[in-house]
Amino acid sequence: MNWIVTQLSSSFELWIAWAVSVALASGIQGIAQYFSLMILVPPAKFKKEPLPHPFQFVDIFALPIFLLTGWGWAKTYKPSEDPLADNRFYKSLYYLAAPIGNLALAGIISTLYTTILPSSVFRLAITINCYAAAANLVLPLPPFSLGRGLFILLDLAFPKTMEWIIKAAITLGAIWAFATNSVIFPYDSLYALGNGILHLLIH
């Protein structure tokens with residue numbers, strides 16, 4: 001598998017690019033959820049709130065998996081009052097807005113990459129957003145967006161402790177796969193999907 005961390009060792013510039021790319025990939029998820037409320041919430045119930053700072057959505061516990069694989073999860077945008085509390089379908093769409101934001105950002109950066117500046121920094125940013133979108137669109141368990149949306153849609157409780165266990169298991173699984181040079185599911189499948197999206201954008 002094409003581990004992200006192995007691509008960074010040769011360049012300090014790429015380490016900085018990785019940090020910025022992860023911050024952007026996490027931040028755009030929260031920002032996309034913020035703007036999705038303007039579409040999903042009826043005007044009579046919509047309460048405009050200040051635009052959140054993108055960096056507040058970075059989950060430090062996701063950084064190891066982002067470093068190894070290029071994908072991970074982000075913190076969810078939480079308005080002061082939940083206007084979708086009584087509509088599980090719209091609430092599930094609200095969670096799925098996060099990876100859609102990753103795809104949109106990857107599309108914007110890929111335009112710059114293909115028309116103005118085909119740099120390794122831009123390519124890394126596109127890659128991380130493509131990988132983050134893939135993971136959050138296909139992994140059906142929290143803390144990933146699809147998992148959060150499914151549990152809301154099915155009206156199922158998901159203990160916070162269980163979410164922490166999943167975070168730890170996914171991170172430890174990636175560390176083990178990297179250390180042993182193993183190819184295991186779902187890491188290989190997510191690479192294939194993420195690379196497929198990447199290929200559509202920049203080839």
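User: What distance should helix 2 span, and how far apart are its end C-alpha atoms?
Analyst: This is a predicted model, in which local features need pLDDT of at least 70, side-chain atom pairs count only at pLDDT 80 or more, and totals for chains, interfaces and linings use all residues. Residues are numbered from 1 along each chain as its sequence is written, and side-chain values use heavy atoms, without hydrogens and water. Helix 2 has 29 residues (12–40) and should span 42 Å at 1.5 Å a residue; its end C-alpha atoms are 42 Å apart, which agrees. The expected span is 1.5 Å times one less than the number of residues. Helices here are DSSP runs (H or I, at least four residues), numbered from the N terminus.

User: Which residue caps the N-terminal end of helix 2?
Analyst: Ser11 does, with a side-chain oxygen 3.3 Å from the backbone nitrogen of Glu13.

User: New topic: which residues does a cis peptide bond join?
Analyst: The cis bond links Pro142 and Pro143, with omega about 15°. Pro143 sits in the loop between helix 5 (120–138) and helix 6 (145–153).

User: What is phi of Asp155, and is Asp155 buried or exposed?
Analyst: Its phi is near 55°, a positive value in a residue other than glycine. Most residues other than glycine have a negative phi, and most peptide bonds are trans. Asp155 belongs to the loop between helix 6 and helix 7 (160–180). Asp155 is exposed, at 54% relative accessible area (buried is under 20%, exposed over 50%, partly exposed in between, with a 1.4 Å probe and protein chains only).

User: And where does Asn181 lie?
Analyst: Asn181 is in the loop between helix 7 and helix 8 (187–202). Its phi is also positive, near 55°, and Asn181 is exposed at 63% relative accessibility.

Technical notes: Helices (H or I, at least four residues) and strands (E, at least two) are DSSP runs, numbered from the N terminus. A polar contact is a pair of N or O atoms within 3.5 Å; within protein, one must be able to donate a hydrogen and the other to accept it, and residues adjacent in sequence count only if both atoms are side-chain atoms.
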